[in-house]
Amino acid sequence: MADELGHLLVFGFLFNLGVYMVAPAMTDVTMDALCPGQDECSLAIYLTGLQQAITGLGALVATPIVGNLSDKYGRKALLLLPATASILPLACNRTKAFFYAYYITRMVTAMVAEGSMHCLSLAYVADKVPPSRRAAAFGVFSGVCLAGFVAGTVAARFLAVAAVVAAAAAVYMRAFVKETDGGASLLRAAAGDEENSSSHPLCVPSCSSSSSQDVAPPTLPPLRKALSLSDMADLLTTSSTFSRDALVIFFYSLGETGLQTAILYFLKVQFQYSKNQYANLLLVIGIAGSLSQLVMMPILAPKLGEQKLLIIALLGGCVHVPYLGASFVIVSILVNPSIRSIVSKRAGPFEQGMVQGCLTGISSTANVISPIVFSPLTAWFLSETAPFNFRGFSLACAGFAMVCYIVEHVIDMVCFVWITCI
């Protein structure tokens, strides 16, 4: 199991290395192509928001379907789709025609590549790791992916090899990552543990009062049957716990995407940030987040539990001051592995792909809505026509969106205390 997960971690590192080698340069490339020689470019902000919205809309449709299909056809077979779709060289040419060609191609491929890889990989981990250790395993995988993000940021000057790294990730995954059994081995191990405990010599007869004819051990269907889209809708509407978890990841993704939409252009206008300064900020965030998930998540998750850890992480996520706020990513980065571990524990065999795909689809819904809200808001408050002088207003709104879940809990507690006192 360790070897199989190790190969998945290598694939995750290479995949993110190739993807994020181009991230620090994109703002400069966009502004040089669309508004050369200018420090402010509303068109670049709107196009970035449009790309995020269309990518999120495509991922909203694609990721639940891909995750659902992986429950039937296997994780590895579907992982090839985002792995190959991410092989795309950066548009180093700064002409408008070349930029728009790259812009459209990247937007189309990102619909499949961005969300599917993460949700399929988490479903793969869930098939291999028992529920008691799943939160730590999710954190380790996310930490390795962030390490790939850090390495990609450091290697941003070698843009020409980004497509080569992405191709290497696809080849490595195809050659070394083995297919899972959908969690069947975990069920067999759990059934074996129950059988051993019931036959233990210290166990009184009442411990095993049910005979083997009365209670059959858990079995899996002979063939993997993909759940329908109506089953996904029922999961959202009939399960109050899953609906609540979905709201958490929706509002967190809404604020996180709003931050990503606004922060780089805010820093460009307010502080005249260059490409190197962007890279430094991304490095601070990536290193802190990677260490947090690799070190803190395995320690804190067993002691605090995912629910308490989730609330602490959401509080840290609402702080967005450059460099100072970046240090809070040590806490806020734990939101995703915490919520995905909570949902994963409630899903059964051959459902991990579906639930992880649904969560990614919900996150993609927020990615569609967020740029529509935050792109005009950012451009407005960075322009001379702003209603009041608060250029970071969109950042403050993004932070509030992340903490809506906690505000809801506080309101519920206040109302409960007030009604009790009356």
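Predicted model: local features only at pLDDT ≥ 70, side-chain atom pairs only at ≥ 80, totals over all residues.
## A helical chain and its contacts

Setting aside neighbours within four places in sequence, Val150 touches Leu283, Gly286 and Ile287. The protein chain holds 17 helices and 0 strands, and 49% of its 422 residues count as buried.

**The chain as a whole**

- You can find Val150 in helix α6, which covers residues 134-154.
- Is Val150 buried or exposed? Val150 has a relative accessible area of 13%, so it counts as buried, the limit being under 20%.
- Val150 and Gly289 are 139 residues apart in sequence, yet their C-alpha atoms are 9.7 Å apart in space.

**Where helix α3 meets helix α4**

- Helix α3 spans residues 42-73 and helix α4 spans residues 75-85.
- On the α3 side, the contact is formed by Val66, Gly67, Leu69, Ser70, Asp71 and Tyr73. On the α4 side, look for Arg75, Ala77, Leu78 and Leu81.
- The residues of this contact between α3 and α4 comprise 6 nonpolar, 2 polar and 2 charged ones.

**Aromatic rings**

- How many aromatic pairs are there? The count comes to 11.
- One of them joins Phe99 and Tyr103, with ring centres 5.9 Å apart and 35° between the planes, a tilted arrangement.
- Phe99 and Tyr103 both belong to helix α5 (residues 96-128), where they sit 4 residues apart, about one turn of the helix.
- Both partners are buried: Phe99 has a relative accessible area of 2%, and Tyr103 has a relative accessibility of 7%.
- Why is the pair of Phe381 and Phe388 called edge-to-face? Their ring centres are 5.1 Å apart and their planes meet at 65°, which is over the 60 degrees needed, so the pair is edge-to-face.
- Phe381 is buried at 4% relative accessible area, whereas Phe388 is partly exposed at 42%.
- Trp380, Phe381, Phe388, Phe390 and Phe393 are linked by ring pairs into a cluster.

Note on methods:
Residues numbered from 1 in each chain as written. Heavy atoms only, no water. Helix = DSSP H or I, 4+ residues; strand = E, 2+ residues; numbered from the N terminus. Buried < 20%, exposed > 50% of the residue type's maximum accessible area, 1.4 Å probe, protein only. Axes fitted to C-alpha atoms, helices over the stretch in contact; angles between N-to-C directions. Contact = heavy atoms within 4.5 Å. Nonpolar A, V, L, I, M, F, W, Y, C, P; charged D, E, K, R; others polar. Phe/Tyr/Trp six-rings, centres within 6.5 Å; stacked < 30°, edge-to-face > 60°.
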